[in-house]
Amino acid sequence: MKTLVTTEYSEVEAVRDVSFDISAGEAVGYLGPNGAGKSTMIKMMTGILVPSAGELSILGRTPHQHRMANARDIGVVFGQRSQLWWDLPVRDSFDLHRRIYDIPAARYEGNLAQFSELLDLTPFLDRAVRQLSLGQRMRAEIVMALLHDPKILFLDEPTIGLDVVAKDAVRKFLARINRERGVTIILTTHDLQDIESICPRLIMVDQARLIFDGALKDLRASMGTRRRLTLEFASDPGPLDLQTARLSSDEGLLKHYQIEREDVSLVDVLAEIGRDRALKDIVLEEPNIEEVIRTFYQGRNTAAVTA
Amino acid sequence: MLRHLRLIPILLQMNLRAQMEYRGAFLIDRLAMIIAYASAFAVIWLLVARFDTLAGWNWGELALLYSFHTLAYAVGASFSFTQMRDLEEHVRLGTFDAMLTRPMSPWVYLVFARYNIGYISHISLALALMTWALLTIPIDWSIGWVAYFLASLLSAALVTASLMTMLGATALAWTRSNHLYSLYFGFWELSRYPLNLYPTIIQGILLTIVPLGFMAAVPVAVLVGKPVPLLGDIAPIAALLAGPALASLAVLFWRFATSRYQGAGG
């Protein structure tokens, strides 16, 4: 009966023990499954939410205590919520942005011209936002967030729902802005392609904790994932056990192996097999990042169940 | 602060243009509002035509009460009602988050970018009825009376806007707020009639916990020289202070609620 009148709140920890430094000019991808605390982290860094504990400093300021000053120095793009005026031409939202951020006319015109050209906005600048495709709208959102020359650009899932062409345009543009203008980029995404093309550095979180911080290419080694080797023979050599690779399935002519050690190369494997086994073809597969991460999450889930 | 004042006309102008994209819907909506308010008023008129007076108030006085109530409500609500009712949705969809990432007050942005010009229908209806009422009832016209009339009207508009804002702001701290509006409109309905129509307990509530009595019943009783239950002699000054006092409270509450903001979703 008591629960009818009193509500019990359970506190959900969205971010804990997550610690990192990002230097000016970096481009960092913040990655994690749904509910890992990605958006919460972005909201704390942009001054929307107040962290309950810990230290957070953006450009030397505590964001929620200096929300206005912080807001002037950052740009924020939310993939799933528009900041443009739905019923008015794109240009009107840009103009309001200019006034809110007090952007000097010359700088505004210069930025608008350059960004519009790079992202091909000119054809629809005077069209009402509601008439734009998602890709066009997203390009407009990104340009708007950059008009006041922010030092840091935060993007929360900027490519969500976009088609391949639009994704590519957005990625190329962001990589270029980071390279040429030195704008620090911090983005969250589910799409690893975003990180591969924009962010040299990857921060991975899961269940509110930091699990990886480093270069994308080091992720595989750190997660201990295996390369897959498939050998095709002209005639079945029978069961073939190797030192360098572990046989995972045997289909006779086709044999699948896993290479567990990073220091084993294809040459080592070939040397071990020798020349007299009628080997016809070899396929060595580097696990793609998606797979690395999937393996990691699956491993974590089974671990949690058995624990 | 000054920058905010410069932004207000731009937000209002953009908002007007955006709303005018749907001119037809806008006009039909206005017509519907006029009909709704006029028929509510016709009901009171029917009652009074039958019994001559209501709680000692004649038709002209009731017309002044009703028009004062509608005008003060419309002015106050145009700065608050739809904006604050939608705040719950802005929290849920995360659009309030976006407002917080701009170097400006989210309140100024919300209130003026979404300023509701639709209240023009309430305002025109109220002004027409008010003119008629003021010509019908005997009034000792003086500068003091007119000044009091305008000041108490402003105070009443502030009462509306402040209460609406506080109700809406609860969405920031507790993500839900819309259930509170039903409660509000229940008492709002009561506040269109003279206070002495009600038992003391209701009068008490309307002057304290839900101070909607200050929207019309108290100031109009003062203006037409009727006694005000419970308040007595302090009624004139109480009606003038209610608005500014509640507005200050609303500012504090808004700040408190924004500091408790937790957002919604991951």
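**Cavities, salt bridges and a surface patch**

Student: How many cavities of 30 Å³ or more does a search of the whole structure find?

Tutor: Three. Keep in mind that this is a predicted model.

Student: What volume does the largest cavity have, and which residues line it?

Tutor: Its volume is about 100 Å³. From chain A, the lining takes A:Ile74, A:Gly75, A:Val76, A:Gln83, A:His97, A:Tyr101, A:Glu141, A:Met144 and A:Ala145. In chain A, β2 (74–78) and α6 (134–146) each supply at least two lining residues. By type, the lining has five nonpolar, four polar and two charged residues.

Student: Which helix gives the most to the lining of the second largest cavity?

Tutor: Helix α4 (residues 90–100) of chain A, with four residues. The second largest cavity has a volume of about 60 Å³. Its lining includes A:Trp85, A:Ser93, A:Leu96 and A:Ile100, along with B:Arg102 and B:Tyr109. The lining divides into five nonpolar, three polar and one charged.

Student: Now salt bridges. What is the general idea, and how many are found over all chains?

Tutor: Side chains of opposite charge can pair when their charged atoms come close. The search finds 32 salt bridges over all chains.

Student: Where does the salt bridge of B:Arg17 and A:Asp92 lie?

Tutor: B:Arg17 and A:Asp92 have their closest N and O atoms 2.8 Å apart. The pair crosses between chains, from helix α1 (residues 2–19) of chain B to helix α4 of chain A. B:Arg17 counts as partly exposed because its relative accessibility is 31%. A:Asp92, at 18%, counts as buried, since the cut-off for buried is under 20%.

Student: Are A:Arg171 and A:Asp191 buried or exposed?

Tutor: Both are buried. They form a salt bridge, with closest N and O atoms 2.9 Å apart. This pair links distant parts of the chain, 20 residues apart. A:Arg171 sits in helix α7 (residues 164–181) of chain A, and A:Asp191 in the loop between β4 (184–189) and α8 (192–198).

Student: What is the N to O distance for A:Asp250 and A:Lys255?

Tutor: 2.7 Å, in a salt bridge. A:Asp250 is partly exposed at 36% relative accessibility, whereas A:Lys255 is buried at 0%.

Student: Which residues are linked in a network of salt bridges?

Tutor: A:Arg72, A:Asp102, B:Arg3 and B:Arg6.

Student: Last, the surface. Which residues make a nonpolar patch?

Tutor: B:Val43, B:Leu47 and B:Phe51, over about 290 Å². B:Phe51 belongs to helix α2 (residues 23–51) of chain B. B:Phe51 counts as exposed because its relative accessibility is 56%, and exposed means over 50%.

Terms used
Residues are numbered from 1 along each chain as its sequence is written. Chains are lettered from A and ligands numbered from 1 in the order in which they are written. This is a predicted model: local features need pLDDT of at least 70, side-chain atom pairs count only at pLDDT 80 or more; totals for chains, interfaces and linings use all residues. Side-chain values use heavy atoms; hydrogens and water are left out. Patches are made of residues with over 30% relative accessible area and no salt bridge: like charges are joined within 9 Å, nonpolar side chains (Val, Leu, Ile, Met, Phe, Trp, Tyr) within 5 Å. Accessible areas come from the Shrake-Rupley method with a 1.4 Å probe; for residues, only the protein chains shown count as cover. A salt bridge is a side-chain nitrogen of Lys or Arg within 4 Å of a carboxyl oxygen of Asp or Glu. Buried means under 20% relative accessible area, exposed over 50%, partly exposed in between (1.4 Å probe, protein chains only). On a 1 Å grid over the protein atoms alone, a cavity is a set of points where a 1.4 Å probe fits but cannot get out, and a pocket is an open set with protein on both sides within 12 Å along at least five of seven lines; lining residues have an atom within 4 Å of a point. Grid points are joined across faces, edges and corners, and a volume is the space filled by probe spheres set on the points. Ala, Val, Leu, Ile, Met, Phe, Trp, Tyr, Cys and Pro count as nonpolar, Asp, Glu, Lys and Arg as charged, and the others, Gly among them, as polar.
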